[in-house]
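Hello,

Here is the structure I promised to pass on. My notes on it follow below.

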Amino acid sequence: MKPAPSAFAAIFGRPTPAKRVETGVFWLLRLCTYFVLLCAAFIFWDIGSKGGAVVFQSSAPFINVPFLTESPETLNVFVRDGREQTMGDRAFRQFKAEHAAEMKGVAVETYVYSAGGIFPNIAGTVLLVLGSILIALVLGVLSAIYLSEYATEGPFIRFLRLSIVNLAGVPSIVFGLFGFGMFVIALDFGVSLLAGWLTMAFMVLPIIITASEEALKAVPQGYREGSLALGATKFQTILTNVLPYALPGILTSSVLAIARVAGETAPIMFTAAFVMRDELPWQVQKWTDFIFQGVMALPYHIYVVASKIPQNEYTRDVQYGTAFVFLFTVAAIAMTAVILRQRLRKKYQW
Amino acid sequence: MLTLLFRMSATTETPSLARLATREVLLRKRRGWFFGMTGDQFVKYVFQGNAAVSIIVLGLITFTIFKDAVGFIPMNHANLAVYRLAGLEYVDLYREQVTAHSTMSRYLAGIRARQLDILMQKEGLAPAAAMARLAAYDGFANSFADTINEQETLLGTMTDLVTAVKERQTVAQDLAVAKKNLLGAMSGATPERAVELQQQADAIQIEVIDYQAEIKPLLALRPEIAATNASQMTAMKEILGQAPKFADAELNRRMEKFQGFVQGYFNEAAVVAEKMAAWDQTKPVGRLEAFNAFAFGRKWITASFWQDWYGIIPLLTGSLLIAFLALLLALPLGVAAAIYVNQVARPMEQKILKPYIEFIAAIPSVVLGFFGIAMLGETLRRLSQLPALDWVPGFPMAERLNATTAACLLALMAIPTIFSLAEDAINNVPRSFKEASFALGATRLQTIIHIIVPAALSGIMAAMLLGFGRVVGETMVVLLCAGNRIQTPDLSAGLGVIFQPVHTMTGIIAQEMGEVVRNSIHYRALFMVGAVLFLISLLVNWLAQKIVRRYRISIG
């Protein structure tokens, strides 16, 4: 005799029409979700494989060092002895001087920025990010402390929160326009690091304030009360009993802000970025020149090489290579933030 | 530095503490050492001042953008006034007529192409033989096209006349600016330098153009225009009498339609003549007109030798078209992913999926734009060329970079925003709602459709709005992938409109800001566009907050 089916199986085991529809819809939802992930993964794969081929190589030292340490150059393409040759501008000039007779009348095609490397761009981006994050962190964390520790409900706070929310929604190009009108022109900084720093700092300010305030609010009230009960002033309490516990959360938020700042192009287009510049950022006479100089930046370079030069086999390398370096740097920073946040949640269980 | 200040305040107070009773110490009103503030109060104000930076920045953004944008109205007013005074407007009226005629000639060329097609495909004639058969038609078409020649000559004369006036006006304007700059520099200069500047400024002779006199030769052409119109009309009617007949019914139909066009042209010529007669050079240009030319202008033409137009409509429609397309893709996907991750996925899956989707937000927009140029645009065009997809309106695509290419990438950018906000909203639906639904015997799907989603709807709507805000404000992707053709999307193409290249508000700022002359009208026009973007972002934010606040379900 067969065992009688359990009550559960009798009720839920039978596939009813409703159940079938449910399974179908759930599969549809699953499909949508994984489709999005697949699209993103495809972009990573496409740029990763094509750009990776430029940045990495199969023999030691496995990394294309010139690409990462040289300045961008114009690429010269010409046919010599029936063979096609490609040369960066500096090498080509030397070559031309040596083989002056031979090179007479040889047609040379040129592609700007397609030879050499992207070192000044990397350096410029790092400088831009560091400066703006520093400014944004100081302003943002102090604002967050005020909002979480001192603020009492009132019109000022309501207005403040409204400003922060609206600031977060302003498009980045409007920040660029603001930076251009305010810092570059009205304050006469010119296209400079300083103008770029301030523009981007104000752009990420809402992110840092919101995230830092969250981190500060997560510190249990008891910590503050204990300190106050022992006679510490409010400021001492914040300094010794609140900030240290909120610091990891604040740092995580700042890493996220770094990813945002590094990834933006529109705000620096007319405040800080140069298309081409021969000197490196630290080759300056006085320190004031340092903050008042424009720099080359990776995202702007990608824009330039993607839109201003043709797409072909000669320009492909620099396009994909730059995109690769940029995408994976930003992705790594963002990934760090995600991992940090998860570890943080595990570590602090109030 | 703050700690230092704090310590200072502590040391100043210590000595007196010992002599007072505890009660007195506690109740004594402490006097501050810094402008009557205690250290703690001072620290508080430091923090408060820092927090106020956000307000200040928002205020500064508003101020900077609107300050430069507002200047656009008077400048455009002057621009339009010159357009009228110098007679450019008058010439443009006449140009309409000539353009209408050339449209008809193009229509005839279209008929010819179709006819050639029929001759070669259906009757299998060699190209030379087919051409020979078309000789009669060609004669007709050519003599028709020739009927506009006199008008074109006249138009050329008129154009030359007004361009000369406008040129002189531009020179005078530039000189006026130079003079103003010289005089402006005087205030900070040494006396000798000031005298020198004054001399330089005095040396500048600014021509005062007497527009009333300048316009006379233009208006003197009126009888000639009327005469050419009359002779053209008789010539066209005569030619139309000799219109060739075709064997093909479709072509005959087209030819009949053409006759209708010619009638329409006669009417239009009459209207134009009327408008030209009524045109009044001295009619003042209203302030509102200068604003309307921006807000409702359908042309964005800059740095042209004829007349610059700054109308936002082509840019606004381009931005909105792309944004709606992107939302159309992103909203279902984002919300579906949010429902799946929050309600259906297993905990393990959830833990991986959520950070992954949020991680997509970290892909820099310029990289996405580059991907669009290098990969997606070409792929989509190849796809559109498949014979199996011919039924889709707008396929095959004419351009690799168009509104759809940009919208696909923008959708990918908007999905994380929509996903996180919608997921939050779904997560905030009280557990008891779900449990009550299960208790009544609803399946999981029924619960999701009838309970969870309606309860989270306000959050989902807010997510949609904020996603829209993000998409409208996005610059690099549209700059690289939208095709950048300044043109109002042509709705006559039906659904195919989504495959047309467009330009956007963000794109135009990014593209033209680097090259404009500071404080010129073009520069201010770009700030005007920036102001519109700024207002849109504020509006979207305000709406989102309002929706969330208004429809929030109270738990309890």
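Chain A has a radius of gyration of 28 Å, whereas a compact globule of 350 residues would have one near 20 Å (taken over C-alpha atoms; the globule rule is 2.2 Å times the number of residues to the power 0.38). Its C-alpha atoms fill a box of roughly 90 × 80 × 40 Å along the principal axes.

This is a predicted model, in which local features need pLDDT of at least 70 and side-chain atom pairs count only at pLDDT 80 or more, while totals for chains, interfaces and linings use all residues. Residues are numbered from 1 along each chain as its sequence is written, and chains are lettered from A and ligands numbered from 1 in the order in which they are written.

Chain A holds 15 helices and three strands (DSSP runs numbered from the N terminus: helices are H or I, at least four residues; strands are E, at least two). Of the contacts in chain A with a separation of 6 or more, 79% join residues 24 or more positions apart (contact: C-beta atoms, placed from the backbone, within 7 Å).

In chain B, have a look at helix α18 (residues 403-427) and helix α21 (residues 457-473), whose axes come within 8 Å and cross at roughly 155° (axes are lines fitted to C-alpha atoms, for helices over the stretch in contact; angles run from 0 to 180 degrees between N-to-C directions). α18(B) and α21(B) are therefore roughly antiparallel to each other (angles over 145 degrees). Residues making the contact include L410(B) and L421(B) of α18(B), and I460(B) and V471(B) of α21(B).

Best wishes

Technical notes. Two residues are in contact if their C-beta atoms, placed from the backbone, lie within 7 Å. Angles under 35 degrees count as roughly parallel, over 145 as roughly antiparallel, 65 to 115 as roughly perpendicular and the rest as oblique.
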